Amino acid sequence: MAGKRLQSIRGIHDGLPAEVLVWRHIEEVARKVFATYAFSEVRLPILEPTELFVRSIGEITDIVSKEMYAFTDQGGDNICLRPEGTAGAVRAYLQGGLTRAGTQRWFYIGPMFRRERPQKGRLRQFQQIGVEIFGANGPLDDAEVLAMAHSFLSELGISELNLEINSLGCPACRPAYRDALISYLNKCTDNLCETCNERIAKNPMRVLDCKVETCQAELQDAPEMIHHLCKACETHFSGLQDGLKALNVPYRINARIVRGLDYYNRTAFEIISDQLGAQGTVLAGGRYDSLIDELGGPPTAAIGFAAGLERLAMLLGGIKVAAVDVAVVALGEQVIPYSLQQSALLRQQDLSVVHCGGGSAKRQFKIADREGARFVVVIGEDEMLSGLVTLKNMATGEQQQLAFDQLVNIIKG
Ligand code: ATP
Ligand code: MG
């Protein structure tokens, strides 16, 4: 009797070959663009102490209060699967003793875990391409990070994206604004959704980014942080905009961008596509000047962003890549060893090769077809004796007899 088939956990998907091709393409573009801005890759743990996220992201955020995969391990330690990359990056920066090593520009690619309600573009295990700069003092760092995000997405060929920026102020100017916002919100509690009402006291700025339409209508005249910035924050925000203009990066100001995590200050931004509905944010980030200090390091200004790999892949759709260059068809038992050797030689030329395993010509051509091979190399006894092979171009049907060197040149085209 056949066993029952097991399924993956809800909201956790497999990366099958066609999808991974797209992911790899995105990753390659990221690596290439980030290298031109002198960023280095880091590979950080997936398991971290739960306390790291409670202290950095903040207890009242959705992520920490209800979305973390946190548990006690066999030794009684509280650990969790990382829901995001910034906190772990800061921990590693401090633990690695890099605070005196000059500005650190890091990027990472890897899975994150949040127990959200699964939807299209919203998974429980998803991948982020993240970037952090530790020691990013001025607004030009913000402008350059945004320019880098912009060239990454442009290079991918994703158009119709909007970069939206905001300033969240700082501990000097935010409290007064927060009070003004709370009194505004308290006047319209009847028309705000339940979640918004809960947030007024705990995290009033989060109300601004509520997705409910009736709430948004109610918020039309809500006070905006950008009109309550202190001098230093205002200078920073205009410096960022001057930088973006100099770099020709299109943007618009959106006073509703607040970010769900506690540690952000000043610059916050999102890059949004109108093609993904409520899951339209493909890249998001901001400045977090107090986080390194809060996690026990010296005061160090920092900025970062993360892009959702699966959401980017949804925008790109399928990429047609012929994965197999050559299928090798061997006609007759006696040529098998020779055909294996020829396959090895082709692979030494960095070609991707599938040996069709011998047997009837019909069976082997069927395999070549299914593999989507661009070329078929046919090897029979004549070919083995003459040292020539027959090459068939599968797109045109054209066949020719060739020596090995010529063969490689044609396939590499
Ligand atoms: P959203 O508003 O869509 O919930 P977020 O503000 O929670 O996003 P961040 O924590 O800033 O997102 O993460 C950065 C990026 O990671 C997002 O812009 C998105 O592309 C991606 N991302 C976040 N959560 C998920 C998820 N559950 N599934 C897939 N991608 C995600
Ligand atoms: Mg979220």
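1. Two strands pair if DSSP finds at least two bridges between them. Keep that rule in mind for the sheet described here. Note also that this is a predicted model.

2. Start with strand 2 and strand 4. Strand 2 covers residues 47-49, and strand 4 covers residues 78-81. Three bridges link them, in the antiparallel sense. They count as a pair because the rule asks for at least two bridges.

3. Strand 4 has another partner. Strand 3, residues 69-72, is joined to strand 4 by four bridges. These two strands also run antiparallel. Here alanine 70 stands opposite cysteine 80 of strand 4.

4. Look next at the turn. Strand 3 and strand 4 form a hairpin with five residues between the strands. Within this hairpin, glycine 76 takes a positive phi near 85°.

5. Now the ligand. Which residues are closest to ligand 1? They are Arg114, Glu116, Arg122, Leu123 and Arg259. In total, 15 residues surround ligand 1. By class, this shell has six nonpolar, four polar and five charged residues.

6. Check the polar contacts of ligand 1. A polar side-chain atom of glutamine 128 lies 2.9 Å from an oxygen atom of the ligand. The backbone takes part as well. A polar backbone atom of threonine 281 is 3.0 Å from an oxygen atom of ligand 1. For a polar backbone atom of glycine 308, the distance to a ligand oxygen atom is 3.3 Å.

7. How much of ligand 1 does the protein bury? Taken alone, ligand 1 exposes 580 Å². The protein buries 90% of that area.

8. Which elements give two or more residues to the shell around ligand 1? They are strand 6 (125-134), strand 10 (281-287) and strand 11 (302-308). Strand 10 supplies the largest share, with four residues.

9. Finish with helix 14, residues 361-370. Its buried residues are Gln364, Ile367 and Ala368. Why do they lie on the same side of helix 14? They cover an arc of only 100° around the axis, so they share one side. On the other side, Lys362, Lys366, Asp369 and Arg370 are exposed. Buried here means under 20% relative accessible area, and exposed means over 50%.

How values were computed: Residues are numbered from 1 along each chain as its sequence is written. Chains are lettered from A and ligands numbered from 1 in the order in which they are written. This is a predicted model: local features need pLDDT of at least 70, side-chain atom pairs count only at pLDDT 80 or more; totals for chains, interfaces and linings use all residues. Side-chain values use heavy atoms; hydrogens and water are left out. A residue is near a molecule or strand if one of its heavy atoms lies within 4 Å of it. A polar contact is a pair of N or O atoms within 3.5 Å; within protein, one must be able to donate a hydrogen and the other to accept it, and residues adjacent in sequence count only if both atoms are side-chain atoms. Accessible areas come from the Shrake-Rupley method with a 1.4 Å probe; for residues, only the protein chains shown count as cover. Ala, Val, Leu, Ile, Met, Phe, Trp, Tyr, Cys and Pro count as nonpolar, Asp, Glu, Lys and Arg as charged, and the others, Gly among them, as polar. Buried means under 20% relative accessible area, exposed over 50%, partly exposed in between (1.4 Å probe, protein chains only). The arc is that of the directions from the helix axis to the C-beta atoms.
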